[in-house]
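Please keep the structure in view while going through the points.

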Amino acid sequence: MKRSRILAVLLLLQLVIDMNKYNFLTLAVLLSLFSQTQGGVLHQGKCRQVFGNDEVRVICLHVNFKRLPSKVFPGNTTDLRVHFSNLSSISSDDLKIFSQLRHLSLTRNQLQTLPADLLEGLCNLYVLDLTGNKLKALHWRVFGLSPIVELTLADNLLSELHADCLPENSSLQRLDLASNRFARLPVAFLQRLGNLQSLDLKNNQLEELTPGALVSLSKLEALYLENNRLKSLDPSVFIGNPNLQQVFLSGNRLEILPAGLFLQQKELVFLDLRNNSLLNLPTGMLGGRFHAVLSGNPWHCDSGLAYLWHWLRLNGKRIFHDDNITCQTPKHMKGRNISEIAATELGIKENNSLLGNNDC
């Protein structure tokens with residue numbers, strides 16, 4: 001037996017003696033799982049355990065679990081990750097022994113439902129990742145029993161969330177709902193997230209942002225809305241989000257943006273408007289305080305593009321992919337880089353009066 005394996009066996013024996021709670025059958029299972037890992041490298045179809053000063057991590061990848069073999073793992077596990085397995089169900093009994101659990105990740109499994117008491121007793125659980133399962137609906141109090149700070153539900157089949165899935169004044173700071181089936185925002189649910197800093201709703205089916213839906217998110221810093229079906233935005237949609245720093249709106253169907261949309265977002269540093277249907281921008285939209293991505297829009301190059309033309313001339317360093325910011329119409333302008341077109345060709349005056357008061 002290799003030296004590393006001998007050390008692993010001795011470590012496991014000591015763990016069993018110290019904890020005084022595992023029988024020989026459990027030890028055999030532990031040795032079986034651990035012996036499949038060599039040199040600390042995680043291989044497909046294997047589990048491994050990592051012991052640190054204040055953490056015990058269990059990582060299982062491509063293991064054919066139908067149910068979680070909880071008793072096989074240390075009761076003082078702080079980080080449990082079961083990825084790309086076949087978990088089709090899970091209960092509070094499967095998790096209740098992990099009273100010190102801080103991070104639970106069950107990504108790319110076959111979970112369709114979660115019991116209401118799933119997290120009961122997990123008073124230290126701060127990160128929960130359920131990416132890539134088959135969840136269609138969630139029980140109304142499923143996340144109300146743990147102080148979750150980061151919740152990832154991406155790539156499921158969700159179309160709505162009950163308001164009481166989380167408690168009032170939830171401690172949640174990061175919520176990822178990307179790649180689900182939301183056609184509208186879960187307004188009542190969002191109203192409980194006063195501490196939320198990051199909201200990810202990309203790759204859904206949103207056709208509008210309900211006015212007032214985001215008003216309670218006063219601490220929101222990052223909003224991801226890429227690849228939805230948004231055609232327009234209400235002028236007041238971001239009125240309750242003064243701390244917004246990043247807004248991602250690429251891959252929608254936006255044809256026009258209301259003037260003053262980001263007037264109150266003094267902290268905004270990045271705006272992504274790629275691949276929409278914008279013909280021009282209203283005066284003052286971009287200001288001079290943040291970076292923007294504007295490529296992939298069918299810009300109409302005439303005097304109505306005066307504001308964008310001036311902004312590009314003065315803020316070239318704030319643009320990404322500027323070589324793609326080109327005219328779509330009229331036909332004789334198609335393909336031309338907007339910032340390289342002379343003012344006379346657009347029928348505008350070459351001055352800064354259109355840039356507004358927000359520009360530096």
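Leaving aside its neighbours within four places in sequence, with which residues is F143 in contact?

1. F143 and its surroundings. Contact here means heavy atoms within 4.5 Å. Neighbours within four places in sequence left aside, F143 is in contact with L114, L119, L128, L130, L138, I148, L151, L153, C165, L166 and P167.

2. Basis of the note. The model is predicted: local features need pLDDT of at least 70, side-chain atom pairs count only at pLDDT 80 or more, and totals for chains, interfaces and linings use all residues. Residues are numbered from 1 along each chain as its sequence is written, and side-chain values use heavy atoms, with hydrogens and water left out.

3. Confidence. The term pLDDT is the predictor's confidence in each residue, from 0 to 100. The protein averages a pLDDT of 86, and 84% of the residues score at least 70. Over residues 6–44, however, the pLDDT is below 50; this stretch has 50 contacts in the model beyond near neighbours in sequence. Where pLDDT is low, the predicted coordinates should not be read in detail.

4. Overall architecture. The protein has six helices and 15 strands. Helices (H or I, at least four residues) and strands (E, at least two) are DSSP runs, numbered from the N terminus. Of the 360 residues, 47% count as buried, where buried means under 20% relative accessible area, exposed over 50%, and partly exposed in between (1.4 Å probe, protein chains only). Among contacts between residues at least 6 apart in sequence, 48% join residues at least 24 apart.

5. The nonpolar core. A nonpolar core is a set of buried Ala, Val, Leu, Ile, Met, Phe, Trp, Tyr and Cys residues joined through side-chain atoms within 4.5 Å. The largest one has 94 residues, and F143, L286 and L294 have the most contacts inside it. At least two residues of this core come from each of β2, β3 (79–83), α4, α5 (306–314) and α6 (343–346). The element that gives the most is α5, with six residues.

6. A buried loop residue. L193 lies in the loop between α4 (187–190) and β8 (198–200). Is L193 buried or exposed? L193 is buried, with a relative accessible area of 0%. Apart from neighbours within four places in sequence, L193 is in contact with L166, S170, L172, L175, S216 and L217. The C-alpha atoms of L193 and L166 are separated by 8.6 Å, although these residues are 27 apart along the chain.

7. A strand pair. Strands β1 (residues 46–51) and β2 (residues 56–61) pair in the antiparallel sense over six bridges; two strands pair if DSSP finds at least two bridges between them. A hairpin of four residues joins β1 to β2. The bridge partner of R48 in β2 is I59.

8. Aromatic pairs. Rings of Phe, Tyr and Trp (its six-membered ring) pair if their centres lie within 6.5 Å; planes under 30 degrees apart count as stacked, over 60 as edge-to-face and the rest as tilted. The whole structure holds three aromatic pairs. The ring centres of F238 and F262 are 5.4 Å apart and their planes are at 15°, so this pair is stacked. Because F238 lies in the loop between β9 (222–224) and β10 (246–248) and F262 in the loop between β10 and β11 (270–272), the pair ties together parts that are 24 residues apart in sequence. Both F238 and F262 are buried.
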